[in-house]
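Please read them with the structure open.

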Amino acid sequence: MKKIFCAIVLMAGAFTANAQSGTNSPYSQYGLGILSNQSAGFSRGMDGLGIGYRDGKQVNFLNPSSYSGIDSLTFIFDGGVAGQITNFSENGVKKNAKNANFEYVVAGFRLQKHVGVGVGIVPFTNVGYNYVSEGYLNEGRTASYKNTYEGKGGFRQAFFGVGWEPLRNVSVGVNFSYLWGSYEKSIANVYNDVWVNTLYKYYNASVSNYKLDAGLQYTLPLGKKDKVTLGVTYSPKHKLGAEPECLVVSTNTTTNRNDTATFVSGYGLEIPEMMGAGLMYHHDNRLKLGIDYSLQKWAGVGFPELKSQNGQTQYVQNMNYFKDRHKVTFGGEYCKGSMMRGFFNRLRYRAGVSYATSYLNVKGQDGPKELSVSAGLGIPIINVYNNRSLLNISGQWIRQSGNHLLTENSFRINIGITFNELWFMKWKMK
């Protein structure tokens, strides 16, 4: 057990030290930011598929009930990084940006018969953007403005989960998570007209709260070589207890006098009710095909906005800020034989495609819809001690677009390493 706890401490330290924003998207200025791809390396090859996925050699934190299937002899340690290049285009203007991020670290092991444990740290949202818009205040183009938008931060999730199989082929599980992080956003409105004040707005909030995720999996045998696993997940809605703040500074460029006002939202931040369902078909431990559907009920959640009414400025909750988010994913994995001889026979080939609606209202309309496609490999790491560990590599193409909105095309490389070690095997001397 000492090895387990040492690994967890090192895992947390490495993740915290390397944590940084995983996005350059201007869309991350809205709400809590860009919702992160909460999946491990093996799942990313299938574009995030995993609610119905059950494999004793992987830590599938998308559905905590899957922990009960972890092999009793092994300790699984999984970490991943990602790098991406994004092309932004709007009104004929195109720009590129790139970034890399240390994505996740997780571990799993069998606690006792029919009970498995998963622990880890994964991103929840990301905020990261810096862009400028310029224009003129009048038709004569004598008065101009320059607006600068900047933001950074995001929320992360550390979880401890337990999966239990109380009945044959029926498993239940729950992840208990600590959700923490902060965001800082700013808008600077600068004008060349000395009669117009320069206006700065600074938004910030810090979160330190809990999150619960429950799951269930039921496996139905269809024969000696075939079976189907149905998975469902659920997360309740609750407030995060934060106190979002907005600082407004108005500067008279002639006198250099500053007028400052601070507004605090008493309502705070919250996360919505979330639910998902997945179905996965298994054939002869070689072929896995599945489909996932998830619903995040953001329409029932508000977000603070600075509004002026009747000559008064208030930082009030906008209950029309978000929209429900729907996502559908289809994907699969094929391996000719994980125990067969020959390197290429042990390769795991993966692919997936997904479509998702936005949880945001942008400029009074639905936010960008997302289409993504992925393909990847699970490459066995073979040495004299172990042939169970995998190097998971995948490529993803992601497109976000909407009517009269900025279009983003991203190409992402995901690299994850799953160490599957025989820590609990008992050796016999002859």
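1. Throughout this note, buried means under 20% relative accessible area, exposed means over 50%, and partly exposed covers what lies in between, with a 1.4 Å probe and protein chains only. The model is predicted, and local features need pLDDT of at least 70, while side-chain atom pairs count only at pLDDT 80 or more and totals for chains, interfaces and linings use all residues. Residues are numbered from 1 along each chain as its sequence is written, and side-chain values use heavy atoms, with hydrogens and water left out.

2. How many salt bridges are there? Taking a salt bridge as a side-chain nitrogen of Lys or Arg within 4 Å of a carboxyl oxygen of Asp or Glu, the count comes to 10. One of them joins the side chains of Glu103 and Arg44, with N and O 2.8 Å apart. Glu103 belongs to strand 3 (residues 93-112) and Arg44 to helix 2 (residues 41-44), so this pair ties together parts that are 59 residues apart in sequence; helices (H or I, at least four residues) and strands (E, at least two) are DSSP runs, numbered from the N terminus. Both Glu103 and Arg44 are buried.

3. A further salt bridge connects Arg54 with Glu165, whose closest N and O atoms are 4.0 Å apart. Arg54 lies in the loop between helix 2 and strand 2 (75-90), whereas Glu165 lies in strand 5 (residues 144-167), so parts that are 111 residues apart in sequence are tied together by the pair. Arg54 is buried, at a relative accessible area of 18%, and Glu165 counts as buried at 18% relative accessibility.

4. Arg348 and Glu333 also meet through their side chains in a salt bridge, at 3.3 Å from N to O. This pair links distant parts of the chain, with Arg348 in strand 18 (residues 348-356) and Glu333 in strand 17 (residues 325-334), 15 residues apart. Salt bridges that share partners join Asp55, Lys288, Glu333, Arg348 and Arg350 into one network. Within that group, Arg348 and Glu333 are both buried.

5. Which side chains stack on each other? Rings of Phe, Tyr and Trp (its six-membered ring) are paired here if their centres lie within 6.5 Å, with planes under 30 degrees apart counted as stacked, over 60 as edge-to-face and the rest as tilted. A search of the whole structure finds 17 aromatic pairs. Phe75 and Phe109 form a stacked pair, 6.1 Å centre to centre with 25 degrees between the planes. Phe75 is in strand 2 and Phe109 in strand 3, and the pair links distant parts of the chain, 34 residues apart. Phe75 counts as buried at 2% relative accessibility, and Phe109 is buried with a relative accessible area of 6%. 

6. The rings of Tyr131 and Tyr149 have centres 4.7 Å apart and planes at 10 degrees, so this pair is stacked as well. Tyr131 lies in strand 4 (residues 115-136) and Tyr149 in strand 5, so the pair ties together parts that are 18 residues apart in sequence. Tyr131 counts as partly exposed, at 27% relative accessibility, whereas Tyr149 is buried, with a relative accessible area of 16%. Elsewhere, Trp298, Phe303, Tyr321, Phe322 and Tyr359 form one aromatic cluster.

7. A charge is taken to sit over a ring if NZ of Lys or CZ of Arg is within 6 Å of the ring centre and within 35 degrees of the ring normal. Lys185 lies over the face of Tyr183, at 4.5 Å from the ring centre, and the charged end of Lys239 sits over the ring of Tyr267, 4.0 Å from its centre.

8. Asn209, in strand 7 (residues 198-221), counts as buried at 18% relative accessibility. A polar atom of the Asn209 side chain lies 2.7 Å from the backbone oxygen of Leu240. With neighbours within four places in sequence left aside, Asn209 is in contact (heavy atoms within 4.5 Å) with Ser177, Tyr178, Leu179, His238, Lys239, Leu240 and Gly241.

9. On cysteines, a search of the whole structure finds 0 disulfides, a disulfide being a pair of cysteine sulfur atoms within 2.5 Å. Cys246 counts as buried at 0% relative accessibility, and Cys335 counts as buried at 1%.

10. Two backbone angles deserve a look. Most residues other than glycine have a negative phi. Asp284, in the loop between strand 13 (274-283) and strand 14 (287-296), has a positive phi near 55 degrees and is partly exposed, with a relative accessible area of 28%. His404, found in the loop between strand 22 (389-401) and strand 23 (407-421), has a positive phi near 60 degrees and is exposed, with a relative accessible area of 74%.

Terms used. A polar contact is a pair of N or O atoms within 3.5 Å; within protein, one must be able to donate a hydrogen and the other to accept it, and residues adjacent in sequence count only if both atoms are side-chain atoms.
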